[in-house]
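Below are some short notes on this model, for your review. Please read them with the structure open.

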Amino acid sequence: MLASSGCRGVDDLAITTPAEPTEVDTIIAGGMVFDGTGATGRSIDIAILDDRIVYVGEDADARFRARNTIDAVGLVVAPGFIDPHTHADTDLVSSDADRRANKAYAFQGVTTVLVGNDGFGNYRIADMASAAIESGIGTNAAWLVGFGAVREEVLGRVDREPDAAELAQMGALTRQAMCEGAWGFSTGLYYVPQNFAKTEEVVALARIATEFGGYYDTHMRDESTYNVTVTGALAETLQIGREAGLPVHIAHIKALGPAVWGHSERMIAMIEEAQASGQRVSADQYPWEASGTRISNALVPRWALEGGLEALRERLAKPEQRLAIRQGIEEAIERRGGADRLLVTGALGEVEVETGKTLEQLARDQGIAPADAAIAVLRTGDARLASFNMNPDDIAAFAAREWVVTGSDGSTGHPRKYASFPKAYRDLVADGGVMDMARFVRRSSGQTADIIGLQGRGYLKPGYFADVVVLDPESFAPRATYSAPEELSSGVVHLLVNGEVVIRGGAHTGQLPGRPLLKPASCAS
């Protein structure tokens with residue numbers, strides 16, 4: 001057991017400025033350095049010894065003898081990017097070292113990933129950190145404790161409120177996770193069984209994260225018109241933050257589906273009103289018009305998923321319940337803009353389904369309605385969907401806000417896992433001209449570190465950990481597409497994680513220098 005109550009993080013998160021050495025491991029020379037603060041770039045050098053930055057300034061070669069020099073002339077040098085919303089959990093614990101290298105993120109310039117989002121985070125933080133150390137990982141990893149995992153452990157997947165003893169048990173698991181180094185409390189109130197919880201239940205557990213200086217990260221209860229509407233869900237999110245007394249971070253902020261296109265204006269106003277009253281609110285965003293989900297999550301009524309997919313199949317076998325489920329699926333298809341906007345990107349379970357076709361095309365091939373095509377898949381499995389249900393104007397409106405940072409919500413079958421940071425760069429900086437490089441780097445590094453609470457990361461400063469990306473601003477671009485979602489991005493020339501070179505000259509070195517980053521905590525044993 002790596003950590004227990006009374007634990008500290010695996011990494012020494014203290015920022016220390018060592019005495020200036022005469023010899024260093026690496027000098028990154030002559031690049032245009034953006035330090036993560038939002039300051040204008042400067043053509044200067046960076047010197048690294050062991051896992052720390054020891055110098056940021058001019059003429060490093062005159063001050064130090066370096067074992068290795070990286071020529072960064074004509075390139076951008078920035079803090080390694082930090083992704084606040086990923087689903088890299090399974091990659092990081094894989095028996096396959098190539099998966100643990102986390103190349104999908106490394107080739108985007110990402111050096112730290114947060115996992116446990118959407119309420120799915122395992123509460124056994126110490127075990128996951130131990131596994132990362134023993135097996136080796138390519139990027140740093142930080143964890144959130146997930147409401148879904150905690151609730152399911154105590155109550156299963158049933159639709160009911162916990163009694164006092166059960167709520168206390170959920171609280172104990174949440175506290176255990178915070179003691180072991182979780183950075184905050186994560187929910188996905190749209191998903192079963194989390195959607196069965198009332199606001200008060202969420203507040204009670206979020207207060208435990210407050211005790212540890214954590215934050216509240218949420219996939220809101222609704223991003224469309226499924227239940228309380230996107231603005232109703234935002235109001236609940238802000239209420240949870242106020243009543244629990246902790247910062248709020250909204251996952252993959254969006255207005256999903258034609259019925260709520262344009263609602264970004266009201267959402268932004270609500271958030272900025274809350275900020276003006278003193279509440280800390282932030283959000284992350286991926287730069288894609290399609291979300292990534294499953295047929296079950298996107299289309300099936302929540303009540304029909306109580307007990308999981310097997311319980312759903314039992315309901316589908318009963319004509320009256322099947323009719324109600326089918327009606328709910330039809331409504332959800334319409335809510336998401338139609339079956340022609342739902343692209344099947346992968347099969348799950350035993351089902352045989354043709355990928356690369358829309359639900360509309362699958363239905364036409366079978367001579368049935370789209371709702372029946374969805375039900376046919378669900379009878380034996382499930383399928384991943386890319387759901388094209390966002391409006392470019394809403395995406396642009398959110399992207400322009402100073403409180404929005406870059407994130408991927410990276411998941412299998414969607415190009416966002418492999419290409420969100422370079423796509424955001426192309427859309428916002430290189431091609432779109434919406435923001436300058438300094439702002440893009442800040443929203444992808446230092447600002448995200450501040451939201452999570454990471455110390456010694458996200459900035460290029462003496463004493464900080466040497467997580468550094470060196471990229472070519474001309475070729476930094478996405479290569480993954482909806483039809484080929486697992487293509488590595490281009491343009492990261494060099495990448496260092498904790499001072500070790502992970503990408504050199506555009507090629508992965510095979511090194512696994514990532515570390516578990518645990519939030520320091522003081523807990524009674």
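1. The residues lining the largest cavity divide into five nonpolar, six polar and five charged. Here Ala, Val, Leu, Ile, Met, Phe, Trp, Tyr, Cys and Pro count as nonpolar, Asp, Glu, Lys and Arg as charged, and the others, Gly among them, as polar. The lining has 16 residues, with Tyr191, His219, Glu223, Leu256 and Arg336 nearest the cavity centre. A cavity is a set of points, on a 1 Å grid over the protein atoms alone, where a 1.4 Å probe fits but cannot get out; lining residues have an atom within 4 Å of a point.

2. The model is predicted: local features need pLDDT of at least 70, side-chain atom pairs count only at pLDDT 80 or more, and totals for chains, interfaces and linings use all residues. Residues are numbered from 1 along each chain as its sequence is written, and side-chain values use heavy atoms, with hydrogens and water left out.

3. The volume of the largest cavity is about 140 Å³, taken as the space filled by probe spheres set on grid points joined across faces, edges and corners.

4. Strand β14 (residues 290-294) contributes the most to this lining, three residues. Strands are DSSP runs (E, at least two residues), numbered from the N terminus.

5. β14 also belongs to an open three-stranded sheet, order β14-β16-β15, with antiparallel pairing; strands pair if DSSP finds at least two bridges between them. β14 and β15 (342-349) stand at the edges with a single partner strand each, so one side of each lacks a neighbour in the sheet. Five bridges join β14 to β16 (residues 381-388), and arginine 294 stands opposite arginine 384 in β16.

Terms used: On a 1 Å grid over the protein atoms alone, a cavity is a set of points where a 1.4 Å probe fits but cannot get out, and a pocket is an open set with protein on both sides within 12 Å along at least five of seven lines; lining residues have an atom within 4 Å of a point. Helices (H or I, at least four residues) and strands (E, at least two) are DSSP runs, numbered from the N terminus.
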